[in-house]
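Please open the structure in the viewer and keep the selection panel at hand.

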Amino acid sequence: MAVPATAMGPSALGQSGPGSLAPWCSVSSGPSRYVVGMQELFRGHSKTREFPAHSAKVHSVAWSCDGRRLASGSFDKTASVFLLEKDRLENINICWSPDGQTIAVGNKDDVVTFIDAKTHRSKAEEQFKFEVNEISWNNDNNMFFLTNGNGCINILSYPELKPVQSINAHPSNCICIKFDPMGKYFATGSADALVSLWDVDELVCVRCFSRLDWPVRTLSFSHDGKMLASASEDHFIDIAEVETGDKLWEVQCESPTFTVAWHPKRPLLAFACDDKDGKYDSSREAGTVKLFGLPNDP
């Protein structure tokens, strides 16, 4: 079950952590115009389509910048790209810098390697003394963020990779981090089942989302920065309005969800679950990519 927000500790900046969010958590007078509009949209676009792609669990999904291609990576060591036909490449977990010049790769030994995207050669390598989870640049490309197993957000200068700040974000493992496209917020998800929304400039928590009951594994902001999708082992994906925290929609799932990604231009959400291929072998992972937000059949 979710840990109450009041259990959160103060941040290393001396500002209040998520536990002091009572003013933000007050009941609003009613749903905003945006909430009503998006709920109306999803009532007519709540269809989810499945795309068989792999022979094992799909671990990640991501859109190309123009939204014309959807890629998926799997534990079967393949990647699939959806357009008119499929292609297969070796799978690797990567994070692209906003300027497209650098790729950061993290491994199980908590080593992050920075690779020049043009030469494919390593530019730098950092060994960390803590469990490194998700990694990300900020939108300005001058800071590098890591979430770790101690519930902290570690911030490094980039490209110098010098420690800038360590924020006590959650009382337990801080699993994932995502920046909104507008550059105003970033969000973190934790094993405490909470999603925290942070002001990029002030580095303070402004809001918590607590509708999930299991560790938050994946996050994604919509292209306009107004919606935040979060998922876990709960059998639904929560879609919230960022500015109010109001629930916009629940995408029902039959199994845990470990990756979500909004389309870069439209309200379409790609995701993958821990599905089993029950038709042939109930122990075999299905490796299916799913797409929510398609028009309902007339």
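A residue is called buried under 20% relative accessible area, exposed over 50% and partly exposed in between, using a 1.4 Å probe and protein chains only. The model is predicted, so local features need pLDDT of at least 70 and side-chain atom pairs count only at pLDDT 80 or more, while totals for chains, interfaces and linings use all residues. Residues are numbered from 1 along each chain as its sequence is written, and side-chain values use heavy atoms, with hydrogens and water left out.

Select Trp 137 to begin: at 3% relative accessibility, Trp 137 is buried.

Rings of Phe, Tyr and Trp (its six-membered ring) pair if their centres lie within 6.5 Å; planes under 30 degrees apart are stacked, over 60 edge-to-face, and the rest tilted. By this rule, there are 12 aromatic pairs.

Among them, Phe 42 and Trp 249 form a tilted pair, 6.0 Å centre to centre with 50 degrees between the planes. Phe 42 is buried, at 0% relative accessibility.

Return to Trp 137 and Tyr 158: this pair is edge-to-face, with 5.4 Å between centres and 90 degrees between planes.

Finally, select Lys 57 and Phe 258. A charge sits over a ring if NZ of Lys or CZ of Arg is within 6 Å of the ring centre and within 35 degrees of the ring normal. Lys 57 lies over the face of Phe 258, 4.8 Å from the ring centre.
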